[in-house]
Amino acid sequence: MPTAPPSFPEPEKTTGPPELLQLGTRAAEDEPCLRADAARNRARLLEAAARLVAEHGAAGVTMEAVAAAASVGKGTVFRRFGDRTGLLMALLDHSEKKFQAALLGGPPPLGPGAPPVERLCAFGLASLRRCVDELELQLAAEPSAERRYTPAPRRFLRGHVALLLRQAVPDADSELLSHTLLAYLDPALVHHLTEQCGVPPVRLEAGWLDLVSRVTRTEHPAEPSV
């Protein structure tokens with residue numbers, strides 16, 4: 001007769017919607033204090049940087065290129081972000097907060113209001129597409145091995161997945177399974193599969209839906225609109 005799995009050591013509480021967790025950049029901490037025009041300028045710079053990443057990769061993001069794309073002086077970019085590293089970290093923080101906001105309050109199935117299995121499917125598809133779009137940026141921000149699982153954004157996403165798993169498969173070890181599912185979405189693995197093995201992103205997305213179906217013991221879901 002199978003025995004119950006051992007208890008997982010003190011997981012983060014995820015019984016309700018977690019609050020937004022940031023990467024902790026200095027620019028993000030200062031953001032609430034910005035004047036309205038300064039906040040708009042900062043958002044415009046970050047959107048310009050995001051377009052450059054999508055079009056040319058992280059290597060295409062220079063202070064000069066962002067200034068030109070946003071139609072501002074180069075000094076404005078340096079005053080706001082300090083240097084290129086500060087700009088890249090602020091850009092990743094901006095993207096992370098938008099993704100978190102979509103999970104917590106966006107339309108279903110990514111946001112609340114859909115069944116947990118549908119939300120898991122939507123979460124993985126959105127994560128994969130975001131990872132492919134920002135791959136160089138996310139790889140550049142990868143923490144060292146001893147810190148890989150402890151940054152606040154990682155803990156937020158793992159807690160979100162664990163919560164959905166508890167709702168979808170109450171008898172499963174949702175804490176360990178949440179780590180397993182997130183491993184499929186790891187930027188280093190996505191880079192290896194897409195760039196080094198030539199696996200098309202659409203195959204990764206189909207694999208995610210298949211994985212969720214097997215883990216939750218449900219029929220293979222149709223691709224949700226995310």
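Q: Which helices each supply at least two residues of the lining of the second largest pocket?

A: In general, rolling a probe the size of a water molecule over the atoms shows where empty space is left. On a 1 Å grid over the protein atoms alone, a pocket is an open set of points where a 1.4 Å probe fits, with protein on both sides within 12 Å along at least five of seven lines, and lining residues have an atom within 4 Å of a point. Helices are DSSP runs (H or I, at least four residues) numbered from the N terminus. In this predicted model, α2 (36-56), α5 and α6 each supply at least two residues of the lining of the second largest pocket, and the largest share, six residues, comes from α5.

Q: What is the volume of the second largest pocket, and which residues are the closest to its centre?

A: A volume is the space filled by probe spheres set on the points, with grid points joined across faces, edges and corners. Here it is about 400 Å³, and of the 19 lining residues, S95, K98, R130, D133 and E134 are the closest to the centre. By class, this lining has eleven nonpolar, two polar and six charged residues, where Ala, Val, Leu, Ile, Met, Phe, Trp, Tyr, Cys and Pro count as nonpolar, Asp, Glu, Lys and Arg as charged, and the others, Gly among them, as polar.

Q: Is S95 buried or exposed?

A: Buried means under 20% relative accessible area, exposed over 50%, and partly exposed in between (1.4 Å probe, protein chains only). S95, which is found in helix α5 (residues 84-105), counts as buried because its relative accessibility is 10%. Leaving aside residues up to four places away in sequence, S95 touches R130 and E134, a contact being heavy atoms within 4.5 Å.

Q: How many residues line the largest pocket?

A: The largest pocket, with about 650 Å³ of space, is lined by 25 residues, of which E96, Q138, E142, P153 and R154 lie nearest its centre. Its lining has 15 nonpolar, three polar and seven charged residues, and α5, α6 and α8 each supply at least two of the lining residues.

Q: Which residues of helix α9 are buried?

A: An α-helix has 3.6 residues a turn, so residues three or four places apart point the same way. In α9 (residues 174-184), the buried residues are S174, E175, S178, L181 and L182. Seen down the axis of α9, these fall within an arc of 120°, so they line one face of the helix; the arc is that of the directions from the helix axis to the C-beta atoms. They pack against α6 (116-133), α8 (152-168) and α11 (201-216).

Q: Where is there a cis peptide bond, and what is the phi of S71?

A: Most residues other than glycine have a negative phi, and most peptide bonds are trans. A cis peptide bond joins P108 and P109, with omega about 10°, and P109 is placed in the loop between α5 and α6. Phi of S71 is near 60°, a positive value in a residue other than glycine; S71 lies in the loop between α3 (63-70) and α4 (74-81) and is exposed, with a relative accessible area of 63%.

Q: What is the mean pLDDT of the protein chain?

A: pLDDT is the predictor's confidence in each residue, from 0 to 100. The mean for the chain is 84, and 82% of its residues reach 70 or more, while over residues 6-32 the pLDDT is below 50. Local features need pLDDT of at least 70 and side-chain atom pairs count only at pLDDT 80 or more, whereas totals for chains, interfaces and linings use all residues. Residues are numbered from 1 along each chain as its sequence is written, and side-chain values use heavy atoms, with hydrogens and water left out.
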